[in-house]
Amino acid sequence: MKNSNTTKEATLFILKATAIYALAYLVVGAIAYQFLTKQFYVGDAAIFTSFLRSEADSSLWAHVNQWQIPLLFLRSLLIALVLLPFAKTLAAFSFKKRLAVLFGLVFVLAHFAAAAPSPGNLEGIVYMRPELIDTTTFLLGQPEMIAHSLLFATGVTYILRKHSQ
């Protein structure tokens with residue numbers, strides 16, 4: 001019976017964490033795009049179009065429309081699965097400590113210190129061509145990643161709080 005409960009708890013954690021990550025990504029991304037980063041994807045200063053697909057080119061954008069949601073849920077699921085072995089340890093932390101740890105894990109590992117170069121991370125500063133990254137581009141990417149990491153961390157902190165009670 002105990003094993004059945006553990007499996008049910010693990011499944012619920014995975015489902016909830018997956019949904020929270022995907023929702024945080026979509027909500028924060030949509031807001032950041034409209035107010036901060038759209039200029040990098042469309043228009044005269046669309047510097048990201050040299051290495052990313054953009055709605056500025058409908059034939060390339062069709063690929064994004066086809067794969068964005070399925071791969072978002074796959075990425076979300078993978079993140080939830082990686083966090084699962086640490087769920088009980090995290091649940092034992094205070095709310096603030098759990099929030100700080102989850103925020104740090106997501107922000108640092110998934111973004112700021114990620115190994116793949118991006119205009120908003122440390123690898124981007126090293127490897128991206130200077131015409132694709134400058135201080136403004138770097139800084140305008142941070143609010144989205146901070147908000148996404150914080151929203152995800154808050155959601156998971158909340159579900160783990162309920163789990164530890």
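This is a predicted model: local features need pLDDT of at least 70, side-chain atom pairs count only at pLDDT 80 or more; totals for chains, interfaces and linings use all residues.
A charge is taken to sit over a ring if NZ of Lys or CZ of Arg is within 6 Å of the ring centre and within 35 degrees of the ring normal. Next, select Lys97 and Phe93, where Lys97 lies over the face of Phe93 at 4.2 Å from the ring centre.

Turn now to the aromatic pairs, of which there are eight. Display Tyr21 and Phe152: their ring centres are 5.2 Å apart and their planes stand at 80°, so the pair is edge-to-face. Tyr21 belongs to helix H1 (residues 2-41) and Phe152 to helix H6 (residues 135-164), so this pair ties together parts that are 131 residues apart in sequence. Both Tyr21 and Phe152 are buried.

Proceed to Phe107 and Phe112, whose ring centres are 5.6 Å apart with planes at 15°, so the pair is stacked. Phe107 is buried, at 13% relative accessibility, whereas Phe112 is partly exposed, at 24%. Then select Tyr33, Phe40, Tyr41, Phe48 and Phe51, which ring pairs link into a cluster.

For the surface, show Trp67, Leu71, Leu74, Leu77, Leu78 and Leu81, which make a nonpolar patch of about 520 Å². Of these residues, Leu81 lies in helix H2 (residues 58-83) and is partly exposed, with a relative accessible area of 39%.

Finish at the one salt bridge in the structure, formed by the side chains of Arg129 and Glu131 at 2.5 Å, N to O. Arg129 is exposed, with a relative accessible area of 54%; Glu131 is partly exposed, at 44% relative accessibility.

How values were computed
Residues are numbered from 1 along each chain as its sequence is written. Side-chain values use heavy atoms; hydrogens and water are left out. A salt bridge is a side-chain nitrogen of Lys or Arg within 4 Å of a carboxyl oxygen of Asp or Glu. Buried means under 20% relative accessible area, exposed over 50%, partly exposed in between (1.4 Å probe, protein chains only). Patches are made of residues with over 30% relative accessible area and no salt bridge: like charges are joined within 9 Å, nonpolar side chains (Val, Leu, Ile, Met, Phe, Trp, Tyr) within 5 Å. Accessible areas come from the Shrake-Rupley method with a 1.4 Å probe; for residues, only the protein chains shown count as cover. Helices (H or I, at least four residues) and strands (E, at least two) are DSSP runs, numbered from the N terminus. Rings of Phe, Tyr and Trp (its six-membered ring) pair if their centres lie within 6.5 Å; planes under 30 degrees apart count as stacked, over 60 as edge-to-face and the rest as tilted.
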